Amino acid sequence: MSVAMSSTCPGLYCGRMMINGSVEGECGVCPRGERANLQNVCERCTEAPELYDWLYLGFMAMLPLVLHWFFIEWYSGKKSSSALLQHITAMLECSVSAMVTLLVTEPVGKLSIHSCRVQMLSDWYTMLYNPSPDYVNTLHCTQEAVYPLYTIVLIYYAFCLVLMMLLRPLLVKKIACGLGKSDRFKSIYAALYFFPILTVLQAVGGGLLYYAFPYIILVLSLVTLAVYMSASEIQSFKNLIAKKKRLVVLFSHWLLHAYGIISISRLDKLEQDLPLLALVPGPALFYIATARFTEPSRILSEGGNGH
């Protein structure tokens with residue numbers, strides 16, 4: 001029996017079109033925005049994303065913003081007063097890009113999206129599951145089974161890049177007077193490197209990131225907080241509140257901790273999951289409480305005294 005005449009289609013993602021209430025046509029790839037159901041019929045994606053899906057999109061949207069802020073701070077120098085305005089501009093670029101991306105995605109003109117639910121990891125890599133019914137010819141059914149979670153991130157990155165190239169060079173040229181001509185555009189050059197890297201990361205590892213991002217957030221936020229507090233020589237609450245910038249960094253990391261905890265728990269049971277947010281200040285408090293005992297100079301002096 002040929003593939004075209006069989007009641008079901010081979011493979012996980014091949015389907016047949018529904019035309020005038022009846023299933024017609026050959027088995028093949030479903031149009032964009034549709035996915036093959038259990039009966040191998042292409043079905044329109046009309047469901048609203050789950051909370052976890054929005055959290056994943058939020059994580060992917062935060063990546064370029066955090067990298068922008070890091071490189072702006074890295075290249076601005078201590079004497080430059082332009083860093084704050086560049087931080088605000090980067091946030092504006094990413095916020096506008098996110099809104100435009102939502103507006104151009106189905107349903108067009110609304111700050112919401114229709115999606116197909118992610119069921120398993122293979123949904124992100126449909127190109128690896130094209131069947132060969134006769135073991136000779138391959139039936140190509142590669143599609144976006146997780147519509148639009150895969151492409152919406154790439155569209156967002158494209159808008160971010162375009163807005164950055166339109167706004168940031170003019171801004172930097174006007175305000176970055178405290179930097180040399182070669183230094184003032186380095187944060188923009190850095191973005192021209194990390195946007196292609198983020199694009200490849202999403203294209204190749206989007207499915208893996210979808211399942212792993214809550215743990216990535218927690219681990220990275222813990223490591224970066226420890227490195228920052230160590231580099232800033234924060235060993236007491238007095239050191240911590242000595243500068244406003246340190247408090248901003250601390251609260252930013254706490255927000256990331258909370259984001260990671262919410263992503264892991266998915267807030268399925270509020271009465272059990274919300275108390276977990278009380279753990280957010282834990283790492284910082286533990287670091288401050290134990291920093292005095294792990295100071296290298298103290299350990300070396302005690303070792304030299306034979307204690």
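Analyst: Let us begin with helix 1 and helix 4, the latter covering residues 186–231: their axes are 10 Å apart and meet at an angle of about 150°. An angle over 145 degrees counts as roughly antiparallel, and helix 1 and helix 4 are therefore roughly antiparallel to each other. Their crossing is right-handed. Sorted by class, the residues where helix 1 touches helix 4 are 23 nonpolar, four polar and two charged.

Before going further, please keep in mind that this is a predicted model.

The chain has nine helices and four strands. Read from the N terminus, the order of these elements is β-β-β-β-α-α-α-α-α-α-α-α-α. Of the 307 residues in the chain, 39% are buried. Among contacts between residues at least 6 apart in sequence, 66% join residues at least 24 apart. The accessible surface of the chain is about 17800 Å², and carbon and sulfur atoms account for 68% of that surface.

Back to helix 1, and on to helix 2. What are the angle and the axis distance for helix 1 and helix 2? The angle is about 155°, and the axes lie 10 Å apart. Helix 1 and helix 2 are therefore roughly antiparallel to each other, and they make a right-handed crossing. On the helix 1 side, the residues in this contact are W54, L65, H68, W69, I72, E73 and S76. They meet A83, Q86, H87, A90, M91, E93, C94 and L102 of helix 2. By class, this contact divides into nine nonpolar, four polar and two charged residues.

Helix 6 is another partner. Helix 1, which spans residues 51–76, packs against helix 6 at an angle of about 155°, with 11 Å between the axes. That angle makes helix 1 roughly antiparallel to helix 6. Here the crossing is left-handed. The contact between helix 1 and helix 6 holds eight nonpolar, two polar and two charged residues. From helix 1 come Y52, W54, L55, G58, F59, M62 and E73, while helix 6 brings K245, L256, Y259, I262 and S263.

Is H253 buried or exposed? Its relative accessibility is 10%, so H253 counts as buried. Setting aside neighbours within four places in sequence, H253 is in contact with S221, T224 and L225.

For a contrasting case, turn to F70, a residue of helix 1. F70 counts as partly exposed because its relative accessibility is 44%. F70 and S187 are 117 residues apart in sequence, yet their C-alpha atoms are 8.8 Å apart in space.

The loop between helix 2 and helix 3 is worth a visit too. L149 lies in this loop, between helix 2 (83–104) and helix 3 (151–175). With a relative accessible area of 0%, L149 is buried. Which residues does L149 touch, if those up to four places away in sequence are not counted? They are D53, Y56, L57, V118, W124, E144, Q202 and Y210. L149 and G206 are 57 residues apart along the chain, and 8.9 Å separates their C-alpha atoms.

Most residues other than glycine have a negative phi, and most peptide bonds are trans. In the loop between helix 2 and helix 3 we find P107 and P148. The bond joining E106 and P107 is a cis peptide bond, with omega about -5°. A cis peptide bond also joins Y147 and P148, again with omega about -5°. Elsewhere, N40 has a positive phi of about 60°, although N40 is not a glycine. N40 belongs to the loop between strand 3 (34–36) and strand 4 (42–44), and its relative accessibility of 10% means that N40 counts as buried.

Terms used. Residues are numbered from 1 along each chain as its sequence is written. This is a predicted model: local features need pLDDT of at least 70, side-chain atom pairs count only at pLDDT 80 or more; totals for chains, interfaces and linings use all residues. Side-chain values use heavy atoms; hydrogens and water are left out. Helices (H or I, at least four residues) and strands (E, at least two) are DSSP runs, numbered from the N terminus. Buried means under 20% relative accessible area, exposed over 50%, partly exposed in between (1.4 Å probe, protein chains only). Contact means heavy atoms within 4.5 Å. Accessible areas come from the Shrake-Rupley method with a 1.4 Å probe; for residues, only the protein chains shown count as cover. Axes are lines fitted to C-alpha atoms, for helices over the stretch in contact, and angles run from 0 to 180 degrees between N-to-C directions. Angles under 35 degrees count as roughly parallel, over 145 as roughly antiparallel, 65 to 115 as roughly perpendicular and the rest as oblique. A crossing is left-handed if the near helix is turned anticlockwise from the far one by less than a right angle, and right-handed if clockwise. Ala, Val, Leu, Ile, Met, Phe, Trp, Tyr, Cys and Pro count as nonpolar, Asp, Glu, Lys and Arg as charged, and the others, Gly among them, as polar.
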